[in-house]
Amino acid sequence: IPHGKYEVSIDKMQMVMTKKLPERPMLSVQFNILAGEFKGKKIFMNQLLTSGFPIHIASEFLKSLESGVDVHFEDYGQFYDTIIDVFESIEGKKEYALLFEDNKGYDKYTIDQVFSSESDEPLPF
């Protein structure tokens, strides 16, 4: 998928271990493109969680999803639970404008806008 701005939902979000040794914790996010030429295609974000700055990047990304969950890092177990809580809070409820950009040879993922995917229309009864 070329860099650009995409309307997306988040299909998966979890903390996983890298496959390469030594195994390291990583935030893994799967975006589903909802409209345009690449509708139905996926964008994958993998952010290592091995030191302060990468953990900060992951925390800021999680905060940008506007889940209502208090995002902070105490330890890996607590952060694992936070990631699950954020995903459960947004799954099927929020969609996003994602800026997928190149940043000095590395992919950069920025939430530009947040949309509610829940209808505000009253039920017909």
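Residues are numbered from 1 along each chain as its sequence is written, and side-chain values use heavy atoms, with hydrogens and water left out. Because the model is predicted, local features need pLDDT of at least 70 and side-chain atom pairs count only at pLDDT 80 or more, whereas totals for chains, interfaces and linings use all residues. The mean pLDDT (the predictor's confidence in each residue, from 0 to 100) of the chain is 93, and 94% of its residues reach 70 or more. Confidence is lowest in β5, at a mean of 95, and highest in β2, at 98, the strands (E, at least two residues) and helices (H or I, at least four) being DSSP runs numbered from the N terminus. Where pLDDT is low, the predicted coordinates should not be read in detail.

Five strands form an open sheet with antiparallel pairing, in the order β3-β2-β1-β4-β5, two strands being paired if DSSP finds at least two bridges between them. The edges are held by β3 and β5, each with a single partner strand, so one side of each is left without a neighbour in the sheet. Neighbouring strands are turned by 40° against each other on average, direction ignored, with axes taken as lines fitted to C-alpha atoms (for helices over the stretch in contact) and angles running from 0 to 180 degrees between N-to-C directions.

Strand β1 (residues 4-17) is joined to β2 (residues 25-33) by nine antiparallel bridges, in which Met-13 is partnered by Val-29 and Met-15 by Leu-27. The loop between β1 and β2 contains Pro-22, and the peptide bond from Leu-21 to Pro-22 is cis, with omega near -5°. Strand β1 also runs antiparallel to β4, through five bridges; here Tyr-6 stands opposite Leu-98, and Val-8 has Tyr-96 as its bridge partner. Between β4 and β5 there are 10 bridges, again antiparallel, with Phe-100 partnered by Tyr-109. Two residues separate the strands in the hairpin of β4 and β5, where Lys-104 takes a positive phi near 55°. A positive phi near 55° is likewise found for Glu-66, which is placed in the loop between α1 and α2. Helix α2 (residues 76-90) lies across β1, β2 and β4 (94-103) and runs at about 140° to β1.

The largest pocket has a volume of about 540 Å³. Of the 16 residues that line this pocket, the closest to its centre are Gln-47, Ile-57, Asp-107, Lys-108 and Tyr-109. Two or more lining residues are given by each of β3 (42-48), α1 (52-64) and β5 (106-116), and the largest share, six residues, comes from β5. On a 1 Å grid over the protein atoms alone, a pocket is an open set of points where a 1.4 Å probe fits, with protein on both sides within 12 Å along at least five of seven lines, and lining residues have an atom within 4 Å of a point. Grid points are joined across faces, edges and corners, and the volume is the space filled by probe spheres set on the points.

Conventions:
Contact means heavy atoms within 4.5 Å.
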